[in-house]
Amino acid sequence: MKTIAEKIRLYRLEQGLSQENMADSLGISTTAYGDIERGKTDLTLSRFYQIAEVLNISVAVLMGQTTPLQQELQQLEVEKLQIENEKLRLENQYLREKIAGRMIIDLIQKDASTTSERQRIGF
């Protein structure tokens, strides 16, 4: 489970914001903001709301709380990824079998050409 400080950092990075951008938006020093992301500062509720506003996310999301709809969407995303993984696994299996089959055909053809070459030479 990620701490709130870690979540703040991740959401900041997702937004493409630097610590300097955040500090400027919050009206604090970069050092003070860095301390927030490192978990060295206890956030006041008002500062917490400011950070959520700057990151354009809800406080509930920042705290890790999700609504039933968000949970359902997350579950659907997990299921979608599982289906995609299974599809890729089957594709991989198909290609491996195809390559193995091609290798067998190549070996048979090579053996056949070696046999005919031997017959031509008189072995």
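Helices α1 and α3 pack with their axes 7 Å apart, at an angle of about 115 degrees. On the α1 side the residues are Ala5, Ile8, Arg9 and Arg12, and they meet Tyr33, Ile36 and Glu37 of α3. Sorted by class, this contact of α1 with α3 has four nonpolar residues, three charged ones and no polar ones. Keep in mind that this is a predicted model.

Next, the other partner of α1. Helix α1 covers residues 4-15 and helix α4 covers residues 45-55; their axes come within 10 Å and cross at roughly 25 degrees. An angle under 35 degrees counts as roughly parallel, so α1 is roughly parallel to α4. The crossing of α1 past α4 is left-handed. From α1, the contact uses Ile4, Ile8, Tyr11, Arg12 and Gln15, and from α4 it uses Phe48, Ile51 and Leu55. The class count for α1 with α4 is six nonpolar residues, one polar and one charged.

Which residues of α2 meet α3? They are Gln19, Glu20, Met22, Ala23 and Leu26, and their counterparts in α3 are Thr30, Tyr33, Gly34 and Glu37. As for geometry, the axes of α2, residues 19-26, and α3, residues 30-37, come within 8 Å and cross at roughly 110 degrees. The range of 65 to 115 degrees counts as roughly perpendicular, and therefore α2 is roughly perpendicular to α3. By class, the contact between α2 and α3 has four nonpolar, three polar and two charged residues.

Now α4 and what follows it. Glu53 sits in helix α4. Is Glu53 buried or exposed? Its relative accessibility is 64%, so Glu53 counts as exposed. Glu53 and Gln15 are 38 residues apart along the chain, and their C-alpha atoms are separated by 12 Å.

Asn56 lies in the loop between α4 and α5, the latter being residues 59-63. Asn56 is not a glycine, yet it has a positive phi of about 60 degrees. Its relative accessibility is 66%; the cut-off for exposed is over 50%, so Asn56 counts as exposed.

Finally, the chain as a whole. The C-alpha trace spans about 95 × 35 × 20 Å along its principal axes. Of the 123 residues, 15% are buried. Taking contacts between residues at least 6 apart in sequence, 48% join residues at least 24 apart.

To recap the packing angles: about 115 degrees for α1 with α3, roughly 25 degrees for α1 with α4, and roughly 110 degrees for α2 with α3.

Note on methods
Residues numbered from 1 in each chain as written. Predicted model: local features only at pLDDT ≥ 70, side-chain atom pairs only at ≥ 80, totals over all residues. Heavy atoms only, no water. Axes fitted to C-alpha atoms, helices over the stretch in contact; angles between N-to-C directions. Helix = DSSP H or I, 4+ residues; strand = E, 2+ residues; numbered from the N terminus. Parallel < 35°, antiparallel > 145°, perpendicular 65-115°, else oblique. Left-handed = near helix turned anticlockwise from the far one by under 90°. Contact = heavy atoms within 4.5 Å. Nonpolar A, V, L, I, M, F, W, Y, C, P; charged D, E, K, R; others polar. Buried < 20%, exposed > 50% of the residue type's maximum accessible area, 1.4 Å probe, protein only.
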